[in-house]
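Me: Hi! Could you walk me through this model? I'd like to go piece by piece.

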Amino acid sequence: LGVRNCYFPLFVPKKNLEREKDHVEGFAPEVAWVTRSGDSKLKEPIAIRPTSETVMYPYFKKWIRSHRDLPLKLNQWCNVVRWEFSYPTPFVRTREFLWQEGHTAYATRHGAEEEVLTILQLYKSVYEDLLAVPVIKGKKTEKEKFAGGLYTTTVEAFIPTSGRAIQGATSHCLGQNFAKMFGIEYEARESGSDGGSGKSEKRLVWQNSWGLTTRTIGVMVLVHGDDKGLVLPPRVAPIQVVIVPVLYTKTKEMVLEEANKLKDSLLTAGLRVHLDDSQNHNPGWKYNYYELKGVPLRIEIGPRDIEEKKVVIKRRLSGSKAKNVSWVDLTSIVQSELKEIHNEMFERAKRDRDSRLRKVTNWDDFKKALNEKCMILAPWCGEKAAEELIKQKTKEMGSEVFETAEGEEVCEMSGAAKTLCIPFEQDDIPEGTLCISAGIDDFPSKAAKMWVLFGRSY
């Protein structure tokens, strides 16, 4: 991608943050301000970055002079703070989170828009190819897009246990709005009629920003976890395989020797392996411990297994049975198992999601699907008023209270449904189909223009 890493300050001067009107209005409720230094009051509040456009782009202005300076592609790994919400959820919705945020500038709209989709596909691949979590690609509505941007693309995931969607990652085309505010221009030279250099002119750059956060961890845990603990996809699991030797006093040395040989052969194949040769816990305790930690595959080896030159392998996935396999072919078997585990996790998550994805065309069915903890694909007229009405009416249906198994209240979340995205993959809309808002009170009936994904979200 040709992106270079960088780092910019955590603190944003007030005048910089307020430079782009739509941007600051969109983030105003979430901005945390530093107002004091010790016992002294600051002359001017300093914002803790909710995102970094306004701290980075004054430097873009200095660095970009000519078309030769483009494209400029930067990325930083950092923390940001967004304050305005209740009931934080670890890794899912927290006041401070870690992310990567990319910021780029192009000479043309075409170049910028091409990158937006390239990055979005990269984020989709992170979720599906690494985390085994299915996502839906789409575009945010004008109401839900990034504040100050031209448009926002997104990948949306779904948590079946709560019936809520969650925004996985976003890739924004900022257009030229920030370039106007910060004066980010380049000198473009037109070709002359004789093929030589023509006159030059100043032009605004086209910009993008895109980000992926530690929310990915929360999504992975919520989608795959079960009552026993974590279930980690093999491609991101810190430990892909754990070897648990069954130790007895007389055969302990022999078993540990063979277990180490197995470990070394798997390590040589590039697998992430841990041999738990600790002797302060019995094998049963270790089985439960590594199930809790979500290790994808367990290998058990004892004196009888050594006699038969076999080992027992057991997948972490619920419902999986233990298998006896020859240790001669163990490396290839383990590699095949890990691949199958990923595919099974993805297909299981996709089935769960698809079983809770309802396509409806009237308001009564919409409410029913929402109460059944589903995401909803519904026809929409494209108007903000209809979008806001749906959110308000579903909010009036009541909030959701989440409790522990003991009945202790954990949090209360809004029952409002909002637009999640306009999916890129669109079915045809039958002639005469009305917007889903047509059945609400006396709201005007309008023709539907597209299918939109609605749902409650984190």
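Me: How far apart are the end C-alpha atoms of helix H4, residues 109-130?
Reply: They are 31 Å apart. That agrees with the 32 Å that its 22 residues should span at 1.5 Å a residue, where the expected span is 1.5 Å times one less than the number of residues. Helices here are DSSP runs (H or I, at least four residues) and strands are E runs of at least two, numbered from the N terminus.

Me: Before we go on, what kind of model is this?
Reply: This is a predicted model, in which local features need pLDDT of at least 70 and side-chain atom pairs count only at pLDDT 80 or more, while totals for chains, interfaces and linings use all residues. Residues are numbered from 1 along each chain as its sequence is written, and side-chain values use heavy atoms, with hydrogens and water left out.

Me: Thanks! Which residues of H4 are buried?
Reply: Among them are Gly111, Ala112, Glu115, Val116, Ile119, Leu120 and Tyr123. Buried means under 20% relative accessible area, exposed over 50%, and partly exposed in between (1.4 Å probe, protein chains only).

Me: And what follows H4?
Reply: Ala132 does, with a positive phi near 60 degrees.

Me: Switching to cores: which residues touch the most other members in the largest nonpolar one?
Reply: Ile243, Ile299, Val311, Leu330 and Val334 do, out of 26 residues. A nonpolar core is a set of buried Ala, Val, Leu, Ile, Met, Phe, Trp, Tyr and Cys residues joined through side-chain atoms within 4.5 Å.

Me: Which elements supply at least two residues each?
Reply: Strands E13 (241-245), E14 (273-275), E15 (297-301) and E16 (310-315) do, along with helices H7 (252-268) and H10 (330-354). H10 gives the largest share of this core, 6 residues.

Me: What other core is there?
Reply: Apart from that one lies another core of 25 residues, including Leu120, Val133, Val135 and Ile166.

Me: Back to E13. Is Val241 buried or exposed?
Reply: Val241, in strand E13, counts as buried because its relative accessibility is 0%. Leaving out residues up to four places away in sequence, Val241 touches Leu266, Arg272, Val273, His274, Val295, Leu297, Ile299, Val334 and Leu338. Contact means heavy atoms within 4.5 Å.

Me: Now charges. How many salt bridges are there in the whole structure?
Reply: The search finds 29, each a side-chain nitrogen of Lys or Arg within 4 Å of a carboxyl oxygen of Asp or Glu. One of them joins Lys140 and Glu156, with the closest N and O atoms 2.9 Å apart. Lys140 is in the loop between strands E7 (136-139) and E8 (151-159) and Glu156 is in E8, so the pair ties together parts 16 residues apart in sequence. Both Lys140 and Glu156 are buried.

Me: How close are the N and O atoms of Glu340 and Arg315?
Reply: The closest ones in that salt bridge are 2.6 Å apart. It links distant parts of the chain, with Glu340 in helix H10 and Arg315 in strand E16, 25 residues apart. Glu340 is partly exposed because its relative accessibility is 38%, whereas Arg315, at 13%, counts as buried.
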